[in-house]
There are 2 protein chains.
Amino acid sequence: VKYLEDFAVGDVLNYEAGPVSSEEIMTFAREWDPQRLHIDPEYASALHGSLIASGFQTLVHVFRPITHDLMPQLANLGGLGVDELRWLQPWRPDEPLKVKLEITSITPSRSKPDRGVLVYRVEARNPRDEVIMTLETGVMLKRKGTAAA
Amino acid sequence: VKYLEDFAVGDVLNYEAGPVSSEEIMTFAREWDPQRLHIDPEYASALHGSLIASGFQTLVHVFRPITHDLMPQLANLGGLGVDELRWLQPWRPDEPLKVKLEITSITPSRSKPDRGVLVYRVEARNPRDEVIMTLETGVMLKRKGTAAA
């Protein structure tokens, strides 16, 4: 298990996400975000050269390796929120993503000495090395051995 | 079709979202966010009194009526991002949500007179009238009749 003290500002973790097929883009979008850019290949291609994944689909795919590989290792008390989520470039069919996670701040709680907030920035790049999505998010982690302190 | 000019700061739209069953919470979480609070009923109940939906699931469900009912009416050029997304309270099984959308700013583009940014705040409340999630998000909309201007 990893506690708040097991991280340092500047630590970087790398993951891979996607790709999604055109069919997966349309299937997700029909349920959650049925806009023409996500469900109508002709319309999307005329405007943007291809179908484009819903921003929500991009978000959950970018987080898939983080929630599957990192989160279960953490002494995690819960996610707090997301700031400055930006969809900067389209996510197109069949493009794998490189995901970079960087720790940006570590703040022990003043009121509750057994915990603190780990904030990290996430950046996803397409195969042309363009950043397609960025965000910052925080998670409440337990601190080590605070019972004995 | 609704253009940037069809909205005013302070306009409010109301929607309903969810509920999700315990089974739906676990099914979503196994794919996207397999933390014990979302997939292990005993663990989650001991800590929080019930299973808790993943924040990502809460997000897509809150936006489901917005993407299905509002977005297709808009002269929408694309979503820009999300700020100050906060998960304030657990979303529990079988709780329908009231979703309130309020327009917070309308900013015509300086460089591109055919478009502008509509920013709105979203708030979701559970049946006990507790706010469980808030966020702010922006969308780029076309302006009316700018070709003739």
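Four salt bridges are found across the interface of chain B and chain A in this predicted model. A salt bridge here is a side-chain nitrogen of Lys or Arg within 4 Å of a carboxyl oxygen of Asp or Glu. A:Arg86 forms a salt bridge with B:Asp83. Their closest N and O atoms are 2.9 Å apart. Polar contacts across the interface of chain B and chain A link 18 residue pairs, both residues at pLDDT 80 or more. A polar contact is a pair of N or O atoms within 3.5 Å; within protein, one must be able to donate a hydrogen and the other to accept it, and residues adjacent in sequence count only if both atoms are side-chain atoms.

Three elements of chain B each give two or more residues to the side that touches chain A: α1 (22-32), α4 (55-70) and β2 (76-87). Helices (H or I, at least four residues) and strands (E, at least two) are DSSP runs, numbered from the N terminus. The largest share of this side of chain B, ten residues, comes from β2(B). By class, the side of chain B that touches chain A holds eleven nonpolar, seven polar and seven charged residues. Ala, Val, Leu, Ile, Met, Phe, Trp, Tyr, Cys and Pro count as nonpolar, Asp, Glu, Lys and Arg as charged, and the others, Gly among them, as polar.

The contact (heavy atoms within 4.5 Å) takes 25 residues from chain B and 25 residues from chain A. About 2600 Å² is buried between the two chains, 59% of it from carbon and sulfur atoms. Buried area is the accessible area (1.4 Å probe) that two parts lose on being put together, summed over both.

Strand β2 (residues 76-87) of chain A pairs with β2(B) in the antiparallel sense over four bridges. Pairing requires at least two DSSP bridges between two strands. A:Arg86 has B:Gly81 as its bridge partner in β2(B), and A:Leu85 has B:Val82. Within chain A, eight bridges join β2(A) to the antiparallel strand β5 (residues 131-142). There, A:Gly81 stands opposite A:Gly138.

Residues are numbered from 1 along each chain as its sequence is written, and chains are lettered from A and ligands numbered from 1 in the order in which they are written. Local features need pLDDT of at least 70, side-chain atom pairs count only at pLDDT 80 or more, and totals for chains, interfaces and linings use all residues, while side-chain values use heavy atoms, with hydrogens and water left out.
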